[in-house]
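Work through each task before you read its solution.

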Amino acid sequence: MVKHQPLQVYERQLCLSCITGIYGCRWKRYQRSHDDTTKWELLWSFILLFTFCLLLVWFYFWWEAHNDYNEFNWFLYNRSGEWSDGTVPILATTAAGFTYVAFLMVLALCHVALGQQLNLHWLHKIGVTAALLTTTAGVISVNQTWGQEWDVVPISLQATGPFLHVGALAAVTALSWIVAGQVARSEKTMFQVVVVLLYLSLLLGLYMVPLCITSPCIMDPSTLKQRPDVIGHRGAPMIAPENTMWSFQRALQMNVTGFEADVSISVDGVPFLMHDHNLRRTTDVDKVFPDRRMEDASSFNWTDLQQLNAGRWFLKEDPFWMVRTLSPREKDLIANQSVCSLEQLLKLASYHNSTVVFRLRRPPPEHPCYHSWINDTLHAVQQSGVPQGLVMWTPDDHRAQVRQWAPGLIQTSAEKRSPQSLQQHGISRLLLRYNQASTQEIRNFSQSNITLTLYTINEPWLYSVLWCSGVSSVSSEASHILNKVPNPIWLMRPDEYCLMWVSMDLISFAVVIGIFIFQNYHMIRYRMSGMRSYNPEQIMLSAAVTRSSRDLNVMKEKLIFSEVGNGVGGADELYGDNGYDYYANHGIGP
(Lines give C-alpha, C1' and ligand atoms only; values in the text may rest on other atoms or scores of the structure.)
Protein backbone atom coordinates (compact mmCIF):
# COMPACT_ATOMS: atom_id res chain seq x y z
CA MET A 1 0.00 0.00 0.00
CA VAL A 2 1.32 3.43 -0.95
CA LYS A 3 1.48 5.96 1.86
CA HIS A 4 1.28 9.72 1.24
CA GLN A 5 2.37 12.27 3.74
CA PRO A 6 2.37 16.07 3.39
CA LEU A 7 5.78 17.46 2.52
CA GLN A 8 5.30 20.51 4.75
CA VAL A 9 2.67 21.92 7.09
CA TYR A 10 1.79 25.58 6.56
CA GLU A 11 -0.07 27.92 8.84
CA ARG A 12 -3.31 29.22 7.45
CA GLN A 13 -3.05 32.72 6.01
CA LEU A 14 -6.69 33.80 5.95
CA CYS A 15 -6.00 37.52 5.50
CA LEU A 16 -3.62 36.95 2.59
CA SER A 17 -6.04 34.54 0.98
CA CYS A 18 -8.85 37.11 1.18
CA ILE A 19 -6.67 39.86 -0.29
CA THR A 20 -5.44 37.81 -3.25
CA GLY A 21 -8.77 36.03 -3.64
CA ILE A 22 -10.95 39.15 -3.84
CA TYR A 23 -8.50 41.02 -6.05
CA GLY A 24 -7.51 38.28 -8.48
CA CYS A 25 -9.50 35.17 -7.50
CA ARG A 26 -6.29 33.54 -6.19
CA TRP A 27 -7.63 31.82 -3.12
CA LYS A 28 -5.20 28.88 -3.02
CA ARG A 29 -1.60 29.09 -1.89
CA TYR A 30 -0.23 27.53 -5.07
CA GLN A 31 -2.01 30.19 -7.15
CA ARG A 32 -0.08 33.04 -5.55
CA SER A 33 3.32 34.22 -6.66
CA HIS A 34 6.09 36.59 -5.59
CA ASP A 35 7.29 37.05 -9.16
CA ASP A 36 7.44 40.49 -10.71
CA THR A 37 4.11 41.80 -12.00
CA THR A 38 3.76 41.48 -15.75
CA LYS A 39 3.71 44.58 -17.95
CA TRP A 40 0.08 43.91 -18.86
CA GLU A 41 -0.95 43.85 -15.21
CA LEU A 42 1.14 46.94 -14.52
CA LEU A 43 -0.85 48.71 -17.24
CA TRP A 44 -4.08 47.70 -15.53
CA SER A 45 -2.70 48.96 -12.23
CA PHE A 46 -2.12 52.39 -13.81
CA ILE A 47 -5.63 52.29 -15.30
CA LEU A 48 -7.00 51.51 -11.84
CA LEU A 49 -5.02 54.39 -10.33
CA PHE A 50 -6.20 56.84 -13.01
CA THR A 51 -9.82 55.73 -12.56
CA PHE A 52 -9.52 56.23 -8.81
CA CYS A 53 -8.15 59.76 -9.24
CA LEU A 54 -10.82 60.67 -11.81
CA LEU A 55 -13.61 59.34 -9.59
CA LEU A 56 -12.14 61.20 -6.62
CA VAL A 57 -12.35 64.52 -8.51
CA TRP A 58 -15.81 63.66 -9.87
CA PHE A 59 -17.09 62.76 -6.41
CA TYR A 60 -15.63 65.93 -4.90
CA PHE A 61 -17.21 68.02 -7.66
CA TRP A 62 -20.69 66.68 -7.02
CA TRP A 63 -20.27 66.93 -3.27
CA GLU A 64 -19.41 70.62 -3.48
CA ALA A 65 -21.97 71.30 -6.24
CA HIS A 66 -24.69 70.66 -3.64
CA ASN A 67 -25.13 74.42 -3.51
CA ASP A 68 -26.52 74.35 -7.06
CA TYR A 69 -28.54 71.14 -7.17
CA ASN A 70 -31.75 73.11 -7.75
CA GLU A 71 -30.14 74.87 -10.69
CA PHE A 72 -29.13 71.52 -12.16
CA ASN A 73 -32.63 70.08 -11.71
CA TRP A 74 -34.18 73.11 -13.34
CA PHE A 75 -31.80 72.66 -16.26
CA LEU A 76 -32.96 69.04 -16.62
CA TYR A 77 -36.57 70.19 -16.44
CA ASN A 78 -36.05 72.55 -19.37
CA ARG A 79 -34.69 69.64 -21.38
CA SER A 80 -37.17 66.92 -20.44
CA GLY A 81 -40.28 68.83 -19.42
CA GLU A 82 -40.59 66.73 -16.25
CA TRP A 83 -39.42 67.76 -12.80
CA SER A 84 -37.25 65.26 -10.94
CA ASP A 85 -34.22 65.27 -8.68
CA GLY A 86 -31.58 64.22 -11.20
CA THR A 87 -28.79 64.46 -8.65
CA VAL A 88 -29.93 61.36 -6.73
CA PRO A 89 -28.95 58.74 -9.36
CA ILE A 90 -25.75 60.64 -10.13
CA LEU A 91 -24.71 60.71 -6.47
CA ALA A 92 -25.69 57.07 -5.93
CA THR A 93 -23.72 55.76 -8.91
CA THR A 94 -20.74 58.02 -8.16
CA ALA A 95 -20.59 56.90 -4.54
CA ALA A 96 -20.90 53.23 -5.53
CA GLY A 97 -18.25 53.50 -8.24
CA PHE A 98 -15.84 55.41 -6.02
CA THR A 99 -16.27 52.93 -3.15
CA TYR A 100 -15.66 49.98 -5.48
CA VAL A 101 -12.55 51.43 -7.13
CA ALA A 102 -11.17 52.68 -3.80
CA PHE A 103 -11.57 49.16 -2.39
CA LEU A 104 -9.61 47.72 -5.32
CA MET A 105 -6.91 50.34 -4.77
CA VAL A 106 -6.57 49.28 -1.14
CA LEU A 107 -6.27 45.64 -2.18
CA ALA A 108 -3.63 46.55 -4.78
CA LEU A 109 -1.59 48.39 -2.15
CA CYS A 110 -1.87 45.37 0.13
CA HIS A 111 -0.49 43.22 -2.68
CA VAL A 112 2.46 45.54 -3.06
CA ALA A 113 3.07 45.67 0.69
CA LEU A 114 3.05 41.86 0.93
CA GLY A 115 5.21 41.36 -2.14
CA GLN A 116 2.45 39.57 -4.03
CA GLN A 117 2.17 39.61 -7.79
CA LEU A 118 -0.63 41.90 -9.03
CA ASN A 119 -3.18 40.05 -11.13
CA LEU A 120 -6.53 41.85 -11.36
CA HIS A 121 -9.39 39.48 -12.15
CA TRP A 122 -11.11 39.96 -15.50
CA LEU A 123 -14.44 40.77 -13.83
CA HIS A 124 -12.78 43.62 -11.95
CA LYS A 125 -11.21 44.80 -15.19
CA ILE A 126 -14.67 45.05 -16.71
CA GLY A 127 -15.90 46.93 -13.64
CA VAL A 128 -12.99 49.38 -13.70
CA THR A 129 -13.44 49.96 -17.42
CA ALA A 130 -17.16 50.64 -16.93
CA ALA A 131 -16.42 53.09 -14.11
CA LEU A 132 -13.79 54.86 -16.21
CA LEU A 133 -16.00 55.17 -19.29
CA THR A 134 -19.11 56.34 -17.42
CA THR A 135 -17.16 58.90 -15.40
CA THR A 136 -15.43 60.21 -18.52
CA ALA A 137 -18.80 60.52 -20.26
CA GLY A 138 -20.18 62.38 -17.24
CA VAL A 139 -17.26 64.81 -17.17
CA ILE A 140 -17.64 65.54 -20.89
CA SER A 141 -21.41 65.99 -20.53
CA VAL A 142 -21.10 68.42 -17.60
CA ASN A 143 -18.36 70.31 -19.40
CA GLN A 144 -20.60 70.84 -22.43
CA THR A 145 -23.90 71.60 -20.72
CA TRP A 146 -23.05 72.96 -17.25
CA GLY A 147 -19.48 74.12 -17.73
CA GLN A 148 -19.74 77.11 -15.42
CA GLU A 149 -20.25 74.78 -12.47
CA TRP A 150 -16.61 73.66 -12.59
CA ASP A 151 -15.83 77.01 -10.96
CA VAL A 152 -17.18 75.58 -7.72
CA VAL A 153 -14.05 73.42 -7.39
CA PRO A 154 -11.45 76.22 -6.95
CA ILE A 155 -13.94 78.22 -4.88
CA SER A 156 -14.57 75.28 -2.55
CA LEU A 157 -10.84 74.74 -2.14
CA GLN A 158 -10.73 78.10 -0.37
CA ALA A 159 -12.80 76.45 2.36
CA THR A 160 -11.44 72.89 2.23
CA GLY A 161 -7.89 73.37 0.92
CA PRO A 162 -6.03 73.52 4.26
CA PHE A 163 -7.82 70.43 5.54
CA LEU A 164 -7.51 68.46 2.31
CA HIS A 165 -3.78 69.20 2.43
CA VAL A 166 -3.53 67.70 5.92
CA GLY A 167 -5.42 64.60 4.78
CA ALA A 168 -3.28 64.17 1.66
CA LEU A 169 -0.11 64.61 3.71
CA ALA A 170 -1.24 61.95 6.18
CA ALA A 171 -2.06 59.54 3.34
CA VAL A 172 1.28 60.01 1.57
CA THR A 173 3.13 59.71 4.87
CA ALA A 174 1.37 56.41 5.56
CA LEU A 175 2.28 55.29 2.04
CA SER A 176 5.95 55.51 3.05
CA TRP A 177 5.55 52.15 4.83
CA ILE A 178 4.91 50.42 1.50
CA VAL A 179 7.54 52.44 -0.36
CA ALA A 180 10.19 51.76 2.28
CA GLY A 181 9.35 48.06 2.24
CA GLN A 182 9.73 47.87 -1.53
CA VAL A 183 13.06 49.70 -1.44
CA ALA A 184 14.38 47.50 1.39
CA ARG A 185 13.40 44.23 -0.32
CA SER A 186 14.63 45.15 -3.75
CA GLU A 187 18.14 44.16 -4.83
CA LYS A 188 18.16 46.47 -7.86
CA THR A 189 19.92 49.73 -7.11
CA MET A 190 18.33 51.57 -10.04
CA PHE A 191 14.83 50.56 -8.90
CA GLN A 192 15.57 51.75 -5.37
CA VAL A 193 16.86 55.13 -6.58
CA VAL A 194 13.90 55.73 -8.91
CA VAL A 195 11.30 54.79 -6.29
CA VAL A 196 12.90 56.95 -3.60
CA LEU A 197 13.22 59.95 -5.92
CA LEU A 198 9.62 59.68 -7.08
CA TYR A 199 8.31 59.38 -3.55
CA LEU A 200 10.44 62.24 -2.22
CA SER A 201 9.33 64.44 -5.11
CA LEU A 202 5.71 63.77 -4.25
CA LEU A 203 6.35 64.36 -0.56
CA LEU A 204 8.25 67.61 -1.07
CA GLY A 205 5.55 68.80 -3.47
CA LEU A 206 2.95 68.27 -0.75
CA TYR A 207 5.15 70.10 1.73
CA MET A 208 5.10 73.14 -0.57
CA VAL A 209 1.38 73.02 -1.46
CA PRO A 210 0.39 75.62 1.20
CA LEU A 211 2.31 78.20 -0.83
CA CYS A 212 -0.46 77.83 -3.44
CA ILE A 213 -3.38 77.69 -0.99
CA THR A 214 -5.23 80.98 -0.68
CA SER A 215 -8.29 81.39 1.48
CA PRO A 216 -10.01 84.57 2.68
CA CYS A 217 -10.68 82.74 5.94
CA ILE A 218 -6.95 82.83 6.74
CA MET A 219 -7.08 86.32 8.17
CA ASP A 220 -6.94 88.40 11.30
CA PRO A 221 -10.37 87.95 12.96
CA SER A 222 -10.35 91.62 13.98
CA THR A 223 -10.63 92.63 10.30
CA LEU A 224 -13.72 90.47 9.67
CA LYS A 225 -16.61 92.55 8.34
CA GLN A 226 -20.19 92.33 9.54
CA ARG A 227 -22.36 89.40 8.61
CA PRO A 228 -23.63 89.62 5.00
CA ASP A 229 -27.32 90.32 4.62
CA VAL A 230 -29.40 87.44 3.30
CA ILE A 231 -31.93 88.09 0.54
CA GLY A 232 -34.66 85.51 -0.02
CA HIS A 233 -34.32 84.24 -3.59
CA ARG A 234 -37.94 83.64 -4.65
CA GLY A 235 -38.76 83.79 -0.95
CA ALA A 236 -37.89 80.60 0.90
CA PRO A 237 -38.40 78.05 -1.91
CA MET A 238 -37.00 75.10 0.03
CA ILE A 239 -39.75 75.25 2.66
CA ALA A 240 -42.55 76.93 0.68
CA PRO A 241 -43.59 77.13 -3.00
CA GLU A 242 -41.41 79.69 -4.78
CA ASN A 243 -42.63 83.21 -5.66
CA THR A 244 -45.76 82.91 -3.51
CA MET A 245 -46.80 85.18 -0.63
CA TRP A 246 -46.34 82.35 1.86
CA SER A 247 -42.80 81.80 0.58
CA PHE A 248 -41.88 85.45 1.19
CA GLN A 249 -43.53 85.42 4.61
CA ARG A 250 -41.52 82.34 5.55
CA ALA A 251 -38.37 84.11 4.37
CA LEU A 252 -39.16 87.02 6.70
CA GLN A 253 -39.39 84.53 9.57
CA MET A 254 -35.81 83.53 8.70
CA ASN A 255 -34.61 87.14 9.17
CA VAL A 256 -33.97 88.00 5.52
CA THR A 257 -33.40 91.66 4.75
CA GLY A 258 -34.89 91.59 1.26
CA PHE A 259 -36.46 89.61 -1.55
CA GLU A 260 -35.37 88.61 -5.04
CA ALA A 261 -37.95 87.59 -7.63
CA ASP A 262 -38.45 86.97 -11.34
CA VAL A 263 -41.11 89.12 -13.02
CA SER A 264 -43.14 88.56 -16.19
CA ILE A 265 -45.92 90.76 -17.59
CA SER A 266 -49.39 89.45 -18.39
CA VAL A 267 -51.31 90.23 -21.55
CA ASP A 268 -53.25 92.98 -19.76
CA GLY A 269 -50.07 94.59 -18.40
CA VAL A 270 -49.91 93.22 -14.84
CA PRO A 271 -46.39 92.33 -13.65
CA PHE A 272 -46.45 88.99 -11.81
CA LEU A 273 -43.87 86.65 -10.31
CA MET A 274 -42.83 83.65 -12.40
CA HIS A 275 -39.42 82.14 -12.96
CA ASP A 276 -40.16 79.72 -15.82
CA HIS A 277 -41.23 80.68 -19.32
CA ASN A 278 -44.40 78.59 -18.96
CA LEU A 279 -46.68 77.69 -16.04
CA ARG A 280 -46.38 73.89 -16.05
CA ARG A 281 -43.92 73.37 -13.21
CA THR A 282 -45.29 75.70 -10.53
CA THR A 283 -49.05 75.81 -11.22
CA ASP A 284 -51.92 73.49 -12.12
CA VAL A 285 -52.26 74.91 -15.63
CA ASP A 286 -52.42 71.31 -16.97
CA LYS A 287 -55.72 70.92 -15.14
CA VAL A 288 -57.26 74.38 -15.54
CA PHE A 289 -56.10 75.24 -19.07
CA PRO A 290 -54.87 71.93 -20.57
CA ASP A 291 -54.87 73.33 -24.11
CA ARG A 292 -52.61 76.23 -23.10
CA ARG A 293 -50.16 74.44 -20.84
CA MET A 294 -47.21 74.96 -23.20
CA GLU A 295 -47.92 78.64 -23.86
CA ASP A 296 -45.67 81.38 -22.56
CA ALA A 297 -46.62 82.58 -19.10
CA SER A 298 -46.96 86.14 -20.36
CA SER A 299 -49.71 85.06 -22.80
CA PHE A 300 -52.22 84.76 -19.93
CA ASN A 301 -54.20 87.67 -18.53
CA TRP A 302 -54.29 88.40 -14.83
CA THR A 303 -57.80 87.01 -14.42
CA ASP A 304 -56.69 83.64 -15.83
CA LEU A 305 -53.57 83.63 -13.70
CA GLN A 306 -55.59 84.13 -10.52
CA GLN A 307 -57.51 80.93 -11.25
CA LEU A 308 -54.32 78.86 -11.02
CA ASN A 309 -53.09 77.16 -7.87
CA ALA A 310 -49.38 77.77 -7.20
CA GLY A 311 -48.90 75.58 -4.11
CA ARG A 312 -50.16 72.04 -4.62
CA TRP A 313 -47.28 71.17 -6.96
CA PHE A 314 -44.90 71.76 -4.04
CA LEU A 315 -46.70 69.23 -1.85
CA LYS A 316 -46.85 66.73 -4.69
CA GLU A 317 -43.31 66.99 -6.08
CA ASP A 318 -41.54 67.74 -2.77
CA PRO A 319 -38.57 69.20 -4.70
CA PHE A 320 -36.38 69.71 -1.62
CA TRP A 321 -37.48 66.71 0.50
CA MET A 322 -38.95 69.08 3.09
CA VAL A 323 -42.70 68.36 2.97
CA ARG A 324 -42.45 65.76 5.74
CA THR A 325 -41.24 68.49 8.12
CA LEU A 326 -44.28 70.70 7.53
CA SER A 327 -47.17 70.94 9.96
CA PRO A 328 -50.78 70.33 8.84
CA ARG A 329 -51.46 74.07 9.06
CA GLU A 330 -48.50 74.85 6.80
CA LYS A 331 -49.66 72.26 4.28
CA ASP A 332 -53.11 73.85 4.20
CA LEU A 333 -51.62 77.29 3.62
CA ILE A 334 -49.39 75.98 0.85
CA ALA A 335 -52.26 74.18 -0.86
CA ASN A 336 -54.14 77.48 -1.21
CA GLN A 337 -51.37 79.65 -2.67
CA SER A 338 -51.98 81.53 -5.92
CA VAL A 339 -49.82 83.39 -8.41
CA CYS A 340 -48.35 86.51 -6.78
CA SER A 341 -48.24 89.92 -8.45
CA LEU A 342 -45.30 92.30 -8.19
CA GLU A 343 -47.52 94.84 -6.46
CA GLN A 344 -48.40 92.36 -3.71
CA LEU A 345 -44.72 91.63 -3.09
CA LEU A 346 -43.82 95.33 -2.96
CA LYS A 347 -46.57 96.03 -0.42
CA LEU A 348 -45.25 93.20 1.78
CA ALA A 349 -41.70 94.56 1.47
CA SER A 350 -42.87 98.08 2.29
CA TYR A 351 -44.66 96.89 5.41
CA HIS A 352 -41.52 95.08 6.67
CA ASN A 353 -39.05 97.69 5.35
CA SER A 354 -37.34 95.05 3.20
CA THR A 355 -35.53 95.63 -0.07
CA VAL A 356 -36.72 94.10 -3.32
CA VAL A 357 -34.60 93.18 -6.33
CA PHE A 358 -36.35 91.67 -9.34
CA ARG A 359 -35.36 90.46 -12.77
CA LEU A 360 -37.77 91.73 -15.36
CA ARG A 361 -38.32 89.55 -18.42
CA ARG A 362 -39.36 91.36 -21.57
CA PRO A 363 -42.43 89.85 -23.29
CA PRO A 364 -42.20 88.35 -26.80
CA PRO A 365 -42.41 90.76 -29.77
CA GLU A 366 -46.06 89.86 -30.48
CA HIS A 367 -47.05 90.69 -26.89
CA PRO A 368 -49.24 93.80 -26.40
CA CYS A 369 -46.84 95.11 -23.75
CA TYR A 370 -43.66 94.52 -25.73
CA HIS A 371 -42.97 98.26 -25.95
CA SER A 372 -44.60 99.37 -22.70
CA TRP A 373 -43.06 96.76 -20.35
CA ILE A 374 -40.87 99.30 -18.53
CA ASN A 375 -43.78 101.72 -18.03
CA ASP A 376 -46.08 98.94 -16.84
CA THR A 377 -43.51 97.85 -14.25
CA LEU A 378 -42.88 101.38 -13.03
CA HIS A 379 -46.61 101.89 -12.71
CA ALA A 380 -46.88 98.81 -10.48
CA VAL A 381 -44.02 100.12 -8.31
CA GLN A 382 -45.79 103.46 -7.88
CA GLN A 383 -49.16 101.83 -7.21
CA SER A 384 -47.74 99.71 -4.40
CA GLY A 385 -46.64 102.73 -2.41
CA VAL A 386 -43.28 101.20 -1.59
CA PRO A 387 -40.47 103.69 -0.86
CA GLN A 388 -38.30 103.87 -3.96
CA GLY A 389 -35.19 103.43 -1.83
CA LEU A 390 -36.24 99.83 -1.17
CA VAL A 391 -36.44 98.83 -4.85
CA MET A 392 -33.34 97.70 -6.76
CA TRP A 393 -33.87 98.33 -10.48
CA THR A 394 -31.93 95.93 -12.70
CA PRO A 395 -33.11 96.34 -16.36
CA ASP A 396 -30.58 98.23 -18.48
CA ASP A 397 -33.20 99.27 -21.04
CA HIS A 398 -34.21 102.92 -20.78
CA ARG A 399 -32.24 103.33 -17.55
CA ALA A 400 -31.83 107.07 -18.07
CA GLN A 401 -35.59 107.44 -18.57
CA VAL A 402 -36.30 105.36 -15.49
CA ARG A 403 -33.93 107.53 -13.46
CA GLN A 404 -35.96 110.59 -14.46
CA TRP A 405 -39.35 109.05 -13.66
CA ALA A 406 -38.27 107.36 -10.42
CA PRO A 407 -35.01 108.95 -9.22
CA GLY A 408 -35.18 107.18 -5.84
CA LEU A 409 -34.81 103.65 -7.23
CA ILE A 410 -31.53 101.89 -6.45
CA GLN A 411 -29.84 101.48 -9.82
CA THR A 412 -28.52 97.93 -9.97
CA SER A 413 -26.67 96.08 -12.69
CA ALA A 414 -26.90 92.33 -13.30
CA GLU A 415 -23.96 92.49 -15.70
CA LYS A 416 -20.37 92.45 -14.51
CA ARG A 417 -18.57 95.73 -15.08
CA SER A 418 -15.59 97.53 -13.63
CA PRO A 419 -16.17 99.81 -10.63
CA GLN A 420 -15.27 102.83 -12.78
CA SER A 421 -17.85 101.92 -15.43
CA LEU A 422 -20.56 101.43 -12.82
CA GLN A 423 -19.84 104.78 -11.22
CA GLN A 424 -19.92 106.53 -14.60
CA HIS A 425 -23.41 105.16 -15.24
CA GLY A 426 -24.65 106.03 -11.76
CA ILE A 427 -25.01 102.40 -10.68
CA SER A 428 -24.42 101.75 -6.98
CA ARG A 429 -25.26 98.02 -6.74
CA LEU A 430 -24.15 94.91 -8.57
CA LEU A 431 -25.93 91.54 -8.73
CA LEU A 432 -23.77 88.61 -9.90
CA ARG A 433 -23.53 84.84 -9.71
CA TYR A 434 -21.09 83.82 -7.00
CA ASN A 435 -18.51 82.49 -9.48
CA GLN A 436 -18.28 85.84 -11.29
CA ALA A 437 -16.40 87.70 -8.55
CA SER A 438 -13.08 86.71 -6.99
CA THR A 439 -12.03 87.67 -3.49
CA GLN A 440 -9.89 90.51 -4.81
CA GLU A 441 -12.71 91.81 -7.01
CA ILE A 442 -15.11 91.73 -4.07
CA ARG A 443 -12.70 93.90 -2.10
CA ASN A 444 -12.22 96.26 -5.05
CA PHE A 445 -15.98 96.77 -5.35
CA SER A 446 -16.20 97.40 -1.61
CA GLN A 447 -13.44 100.00 -1.76
CA SER A 448 -15.27 101.72 -4.63
CA ASN A 449 -18.51 101.89 -2.58
CA ILE A 450 -20.26 99.43 -4.90
CA THR A 451 -22.62 97.19 -2.94
CA LEU A 452 -22.23 93.64 -4.27
CA THR A 453 -24.88 90.94 -3.98
CA LEU A 454 -23.99 87.39 -5.02
CA TYR A 455 -26.44 84.60 -5.82
CA THR A 456 -27.38 81.82 -5.21
CA ILE A 457 -25.76 80.95 -1.85
CA ASN A 458 -27.26 77.92 -0.10
CA GLU A 459 -24.34 76.21 1.64
CA PRO A 460 -22.79 77.42 4.93
CA TRP A 461 -19.22 76.86 3.63
CA LEU A 462 -19.83 79.14 0.64
CA TYR A 463 -21.54 81.74 2.80
CA SER A 464 -18.53 81.65 5.16
CA VAL A 465 -16.01 82.12 2.33
CA LEU A 466 -17.94 85.11 0.96
CA TRP A 467 -18.31 86.53 4.45
CA CYS A 468 -14.55 86.42 4.92
CA SER A 469 -14.13 87.96 1.45
CA GLY A 470 -16.17 90.98 2.56
CA VAL A 471 -19.29 90.61 0.40
CA SER A 472 -22.19 92.87 1.44
CA SER A 473 -25.15 90.58 0.84
CA VAL A 474 -26.10 87.25 -0.69
CA SER A 475 -29.25 85.91 -2.32
CA SER A 476 -30.24 82.49 -1.02
CA GLU A 477 -32.87 79.78 -1.47
CA ALA A 478 -31.87 78.35 1.92
CA SER A 479 -32.40 81.26 4.30
CA HIS A 480 -33.52 78.76 6.96
CA ILE A 481 -30.02 77.23 6.81
CA LEU A 482 -27.96 80.43 6.63
CA ASN A 483 -29.98 81.83 9.52
CA LYS A 484 -28.16 79.27 11.69
CA VAL A 485 -24.68 80.50 10.71
CA PRO A 486 -23.76 83.22 13.23
CA ASN A 487 -20.04 83.06 12.40
CA PRO A 488 -17.82 81.79 9.59
CA ILE A 489 -17.34 78.03 9.81
CA TRP A 490 -13.63 78.54 10.46
CA LEU A 491 -11.18 81.38 10.83
CA MET A 492 -7.42 81.08 11.25
CA ARG A 493 -4.75 83.68 11.74
CA PRO A 494 -1.92 83.58 9.16
CA ASP A 495 0.66 82.83 11.85
CA GLU A 496 -1.48 79.99 13.20
CA TYR A 497 -1.80 78.48 9.74
CA CYS A 498 1.95 78.81 9.17
CA LEU A 499 2.63 77.05 12.48
CA MET A 500 0.23 74.24 11.56
CA TRP A 501 1.83 73.90 8.13
CA VAL A 502 5.41 73.70 9.41
CA SER A 503 4.46 71.37 12.28
CA MET A 504 2.68 68.94 9.96
CA ASP A 505 5.63 68.90 7.57
CA LEU A 506 8.14 68.24 10.34
CA ILE A 507 6.03 65.48 11.87
CA SER A 508 5.53 63.88 8.47
CA PHE A 509 9.23 64.04 7.63
CA ALA A 510 10.19 62.53 11.00
CA VAL A 511 7.69 59.68 10.55
CA VAL A 512 8.92 58.95 7.01
CA ILE A 513 12.57 58.86 8.11
CA GLY A 514 11.66 56.60 11.03
CA ILE A 515 9.76 54.21 8.78
CA PHE A 516 12.61 53.97 6.27
CA ILE A 517 15.12 53.30 9.06
CA PHE A 518 12.88 50.66 10.64
CA GLN A 519 12.20 48.89 7.35
CA ASN A 520 15.88 48.77 6.41
CA TYR A 521 16.89 47.60 9.88
CA HIS A 522 14.22 44.92 9.79
CA MET A 523 15.33 43.72 6.35
CA ILE A 524 19.00 43.59 7.39
CA ARG A 525 18.14 41.44 10.39
CA TYR A 526 15.92 39.26 8.21
CA ARG A 527 18.71 38.60 5.72
CA MET A 528 21.35 38.06 8.41
CA SER A 529 19.18 35.49 10.17
CA GLY A 530 19.35 33.28 7.08
CA MET A 531 15.57 33.18 6.69
CA ARG A 532 14.46 32.38 3.19
CA SER A 533 11.67 34.02 1.26
CA TYR A 534 8.83 31.88 0.01
CA ASN A 535 9.69 29.84 -3.03
CA PRO A 536 6.66 29.44 -5.32
CA GLU A 537 7.72 25.89 -6.23
CA GLN A 538 7.99 25.00 -2.56
CA ILE A 539 4.48 26.29 -2.04
CA MET A 540 3.22 24.28 -4.98
CA LEU A 541 4.99 21.21 -3.62
CA SER A 542 2.80 21.22 -0.51
CA ALA A 543 -0.26 20.83 -2.69
CA ALA A 544 1.20 18.28 -5.09
CA VAL A 545 0.21 15.09 -3.31
CA THR A 546 -2.06 14.15 -6.17
CA ARG A 547 0.59 14.63 -8.86
CA SER A 548 2.45 11.75 -10.51
CA SER A 549 5.72 10.50 -8.99
CA ARG A 550 7.71 11.76 -11.97
CA ASP A 551 6.34 15.32 -11.70
CA LEU A 552 6.84 15.26 -7.97
CA ASN A 553 10.46 14.18 -8.31
CA VAL A 554 11.18 17.02 -10.74
CA MET A 555 9.69 19.55 -8.33
CA LYS A 556 11.64 18.09 -5.42
CA GLU A 557 14.91 18.25 -7.34
CA LYS A 558 14.28 21.91 -8.15
CA LEU A 559 13.45 22.57 -4.52
CA ILE A 560 16.60 20.78 -3.31
CA PHE A 561 18.87 22.84 -5.53
CA SER A 562 17.00 26.00 -4.56
CA GLU A 563 17.45 25.29 -0.86
CA VAL A 564 21.10 24.27 -1.31
CA GLY A 565 21.70 27.57 -3.07
CA ASN A 566 20.13 29.37 -0.14
CA GLY A 567 22.46 27.77 2.40
CA VAL A 568 20.81 24.44 3.34
CA GLY A 569 23.24 21.52 3.58
CA GLY A 570 21.51 19.16 1.19
CA ALA A 571 18.63 16.83 0.64
CA ASP A 572 19.21 14.87 3.87
CA GLU A 573 19.16 18.05 5.92
CA LEU A 574 16.18 19.41 4.06
CA TYR A 575 13.99 16.39 4.52
CA GLY A 576 15.51 14.99 7.68
CA ASP A 577 15.19 18.13 9.76
CA ASN A 578 11.64 18.65 8.74
CA GLY A 579 10.54 15.08 9.36
CA TYR A 580 9.75 14.25 5.77
CA ASP A 581 9.64 10.61 4.67
CA TYR A 582 11.13 10.87 1.18
CA TYR A 583 10.71 7.22 0.47
CA ALA A 584 7.09 7.13 1.54
CA ASN A 585 6.01 8.78 -1.67
CA HIS A 586 7.84 6.17 -3.70
CA GLY A 587 5.85 3.38 -2.13
CA ILE A 588 8.83 1.81 -0.25
CA GLY A 589 7.69 0.26 2.98
CA PRO A 590 9.59 -0.08 6.22
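Buried means under 20% relative accessible area, exposed over 50%, and partly exposed in between (1.4 Å probe, protein chains only). Helices (H or I, at least four residues) and strands (E, at least two) are DSSP runs, numbered from the N terminus. This is a predicted model, where local features need pLDDT of at least 70, side-chain atom pairs count only at pLDDT 80 or more, and totals for chains, interfaces and linings use all residues. Residues are numbered from 1 along each chain as its sequence is written, and side-chain values use heavy atoms, with hydrogens and water left out.

**Exercise 1.** Find which residues of α18 are buried.

Solution. Start with the span: α18 covers residues 460–469. Nine of its ten residues are buried. These are Trp461, Leu462, Tyr463, Ser464, Val465, Leu466, Trp467, Cys468 and Ser469. Then step past the helix end to Gly470, whose phi is positive, near 100°.

**Exercise 2.** Describe the lining of the second largest pocket.

Solution. A pocket is an open set of points on a 1 Å grid over the protein atoms alone, with protein on both sides within 12 Å along at least five of seven lines; lining residues have an atom within 4 Å of a point. First, count the lining: 26 residues, with Glu71, Trp74, His233, Arg234 and His275 nearest the centre. Next, see which elements give two or more residues: α3 (69–80), β2 (258–265) and β4 (355–360). Of these, α3 provides the largest share, five residues.

Note on methods: On a 1 Å grid over the protein atoms alone, a cavity is a set of points where a 1.4 Å probe fits but cannot get out, and a pocket is an open set with protein on both sides within 12 Å along at least five of seven lines; lining residues have an atom within 4 Å of a point.
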